[in-house]
Amino acid sequence: MSARRLSILGVTGSVGQSTLQVIEELRGQGSELEIEAVTAGGNLAVLADTCRRLRPRFAAVADPGQLVAARDALAGLGVEVGAGQSALEEAGSRPADWVMSAIVGAAGLAPTMAAVRRGATVALANKECLVCAGPLFIQAAAQYGARLLPVDSEHNAIFQVLTHPTRVEKLTLTASGGPFRTATTEAMAAATPDQACAHPRWSMGRKISVDSATLMNKGLELIEASYLFGFPCESIEVIVHPESVVHSFVHYTDGSVLAQLGSPDMRIPIAYALTWPDRAHVSTQRLDLAQLRSLTFEAPDTVKFPALGLARSALKAGAAATTALSAANEVAVEAFLGGRIGFLDICRIVEEAMELLAGGGAASIAKSPSSFDEVAAVDQAARSAARRIAGNLAAA
Ligand code: NAD
Ligand code: MG
């Protein structure tokens with residue numbers, strides 16, 4: 001059998017580096033895996049180390065100003081180097097059978113769509129591109145024959161146990177509760193970016209770590225699950241499960257409930273997406289049930305964590321509202337990480353931006369976008385609204 005060709009969008013990130021580890025482990029077991037393309041937002045030292053290990057044909061960096069530095073960093077490795085938006089999209093359009101979509105934020109949409117338009121198998125870690133362009137993204141995958149394999153651990157868990165999709169009563173997404181599960185509102189108001197990023201179970205990039213602290217991550221995942229699996233908002237519940245051992249549940253019409261369990265390690269869903277419908281040997285920590293002793297579950301506190309309610313309202317309002325929610329949240333998280341606003345301001349900004357956009361205007365969120373250009377317009381309108389609100393809060 002000829003070698004499989006893979007590409008990794010966002011290779012220098014947390015998911016990208018876990019993907020690198022899985023590929024190296026499988027190569028060590030004799031799998032023939034060639035790397036077509038990789039992309040990076042920055043961090044040339046990690047990109048150079050990754051290229052030395054993976055030997056891709058093409059590497060793209062996001063910033064056109066980094067082209068010369070990237071060529072220098074990758075000199076002698078036989079890697080063709082590109083920079084800027086067109087290079088990121090070229091990485092997605094190069095002929096790889098399997099593409100890991102692990103750029104963070106809506107920036108991942110265009111490169112991922114380049115892979116979708118080729119009919120590639122797309123391992124989808126980047127939830128924002130789905131939340132941003134949901135129905136259009138799913139339609140495009142169907143139209144071009146692209147297979148979407150969920151990598152987000154909850155969605156990967158559901159995918160693993162979704163044996164009878166027409167016999168499902170309900171999905172339950174598990175949430176760790178994040179670092180502020182037991183914190184007071186006062187402590188949350190004063191939280192620093194480092195405190196918000198200190199996730200108790202998972203080691204992840206800073207944006208998703210903040211999203212986990214606000215529970216917006218679970219809100220985005222609720223929307224992701226609805227678009228991916230085709231279930232309405234009302235059929236998807238969220239339960240806080242601090243141990244992060246059960247990665248989600250599917251409830252069937254006969255009363256059976258199936259779940260997938262495992263250590264909180266992204267190499268498990270990444271390997272599943274890479275070897276599906278088979279499985280691989282991956283050296284992740286095994287579950288020791290006797291040592292675990294018990295698993296706990298509790299209802300989320302939707303007053304302390306308003307993000308879940310905001311996400312539910314957006315999902316019910318329609319596709320433009322979910323585009324706006326994700327874009328406003330990206331801006332708010334960036335402002336928080338930059339030290340310009342407080343932790344509790346994140347959800348305030350998202351809520352106010354949604355209210356402003358619901359008021360109508362050129363990029364009203366009342367109507368679902370019918371093209372990717374319309375998605376981009378709503379995304380931009382939400383970003384401007386969120387920037388304005390964040391600016392006012394920072395100045396207050
Ligand atoms: P990360 O911040 O660690 O890495 C993001 C990657 O995207 C890096 O390679 C970075 O250089 C690149 N990037 C950032 N901005 C870019 C831009 N504007 N243009 C091009 N490239 C850019 O993030 P992560 O934790 O690996 O998460 C990646 C995606 O996977 C996110 O959408 C996240 O929600 C999702 N996800 C992550 C985890 C996890 O455990 N880390 C779990 C589930 C889902
Ligand atoms: Mg997740």
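**A guided reading of the predicted model**

Asn43 is found in the loop that runs between strand E2 (33-40) and helix H2 (44-54); helices (H or I, at least four residues) and strands (E, at least two) are DSSP runs, numbered from the N terminus. The structure is a predicted model, in which local features need pLDDT of at least 70, side-chain atom pairs count only at pLDDT 80 or more, and totals for chains, interfaces and linings use all residues. Residues are numbered from 1 along each chain as its sequence is written, chains are lettered from A and ligands numbered from 1 in the order in which they are written, and side-chain values use heavy atoms, with hydrogens and water left out.

Most residues other than glycine have a negative phi, and most peptide bonds are trans. Asn43 has a positive phi, near 50 degrees. Asn43 counts as partly exposed because its relative accessibility is 45%; buried means under 20% relative accessible area, exposed over 50%, and partly exposed in between (1.4 Å probe, protein chains only). Ser244 likewise has a positive phi near 50 degrees, and its place is the loop between strand E9 (236-240) and strand E10 (246-252). With a relative accessible area of 5%, Ser244 is buried.

Attention may now turn to ligand 1. This ligand is surrounded by 24 residues, the closest being Thr12, Val15, Gly41, Glu128 and Gly205; a residue is near a molecule if one of its heavy atoms lies within 4 Å of it. Helix H1 (14-28) and helix H6 (127-144) each supply at least two residues of this shell.

Ligand 2 is a magnesium ion, coordinated at 2.0 to 2.2 Å by Asp152 (OD), Glu154 (OE) and Glu221 (OE). Donors are N, O and S atoms within 2.8 Å of the metal (3.2 Å for Na, K and Ca); water is not among the atoms, so sites may look incomplete. Asp152, in the loop between strand E7 (147-150) and helix H7 (153-161), and Glu221, in helix H11 (residues 216-229), are 69 residues apart. Both Asp152 and Glu221 are buried.

The model also holds 5 aromatic pairs; rings of Phe, Tyr and Trp (its six-membered ring) pair if their centres lie within 6.5 Å, and planes under 30 degrees apart count as stacked, over 60 as edge-to-face and the rest as tilted. Phe159 and Trp276 form a tilted pair, 5.8 Å centre to centre with 45 degrees between the planes. Ring pairs link Phe159, Tyr272 and Trp276 into a cluster. A cis peptide bond, with omega about 5 degrees, joins Trp276 to Pro277. Phe180 and Phe343 form an edge-to-face pair, 4.9 Å centre to centre with 80 degrees between the planes, and both residues are buried.
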